Amino acid sequence: MATSSPRKRRSPCPVACTLDVIGDKWTLLVVRDLFSGKTQFKELAKSPERIATNILTDRLERLLAYELIERVPSPEHRGRHAYRLTEKGRSLHVPLEAIAEWGLEHLEGTEKRVAVSV
């Protein structure tokens, strides 16, 4: 079931609408890292792609707004919070794996370094 969007849509095209949520160069990398078990802001900021903290904050807010992740109390750090994928966010596993497989097959020099688990 489709849910309403926190932002105005530029068209009803499902490809355009999906790209509006996850189509920038950072969002799927944040999702990838959440799949790999990272939960803390600091962990997400230390990814090899070196996302700037202001961009990471923006992408986490976007993922929260679209209910792809949720903020929960950190089990390791009292008074802090962690992030985890919602069921809707976990449903990105198939397209994320497909993108990774496409890259492995078609882009020379790529390698799978991050295990993505559901």
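**Figure 1. Helix α2 meets helix α6.** In this predicted model, L28, V31, R32 and F35 of α2 are in contact with H93, L96 and I99 of α6. Contact means heavy atoms within 4.5 Å. The residues of this contact divide into 5 nonpolar, 1 polar and 1 charged. Here Ala, Val, Leu, Ile, Met, Phe, Trp, Tyr, Cys and Pro count as nonpolar, Asp, Glu, Lys and Arg as charged, and the others, Gly among them, as polar. Helix α6 covers residues 93-106. The two helices pack at an angle of about 110°, with their axes 11 Å apart. Axes are lines fitted to C-alpha atoms, for helices over the stretch in contact, and angles run from 0 to 180 degrees between N-to-C directions. α2 and α6 are therefore roughly perpendicular to each other. Angles under 35 degrees count as roughly parallel, over 145 as roughly antiparallel, 65 to 115 as roughly perpendicular and the rest as oblique.

Residues are numbered from 1 along each chain as its sequence is written. The model is predicted, so local features need pLDDT of at least 70 and side-chain atom pairs count only at pLDDT 80 or more, while totals for chains, interfaces and linings use all residues; side-chain values use heavy atoms, with hydrogens and water left out.

**Figure 2. Helix α2 meets helix α4.** α2 spans residues 27-35, and α4 spans residues 53-65. Their axes lie 10 Å apart, at an angle of about 75°. α2 and α4 are therefore roughly perpendicular to each other. From α2 come T27, V30 and V31; from α4 come L56, R59, L60, R62 and L63. By class, this contact has 5 nonpolar, 1 polar and 2 charged residues.

Figure 3. Of the 9 residues of α2, 8 are buried, so the helix is largely enclosed by the rest of the structure. Buried means under 20% relative accessible area, exposed over 50%, partly exposed in between (1.4 Å probe, protein chains only). The buried residues are T27, L28, V30, V31, R32, D33, L34 and F35. Just after the helix, G37 takes a positive phi of about 110°.

**Figure 4. D33 in helix α2.** D33 belongs to α2. This residue is buried, with a relative accessible area of 3%. Not counting residues up to four places away in sequence, D33 touches K38, L44 and S47. P75 is 42 residues from D33 along the chain, and their C-alpha atoms are separated by 18 Å.

**Figure 5. R62 in helix α4.** R62 sits in α4. R62 is buried, with a relative accessible area of 10%. Leaving aside neighbours within four places in sequence, R62 is in contact with R7, D20, V21, D24 and T27. R62 and T27 are 35 residues apart in sequence, yet 8.7 Å apart in space, C-alpha to C-alpha.

**Figure 6. The whole protein.** The protein has 6 helices and 2 strands. Helices (H or I, at least four residues) and strands (E, at least two) are DSSP runs, numbered from the N terminus. Along the sequence, the pattern is α-α-α-α-β-β-α-α. The C-alpha atoms fill a box of roughly 40 × 40 × 25 Å, taken along the principal axes. Of the 118 residues, 33% count as buried. Residues 24 or more positions apart account for 45% of the contacts with a separation of 6 or more.
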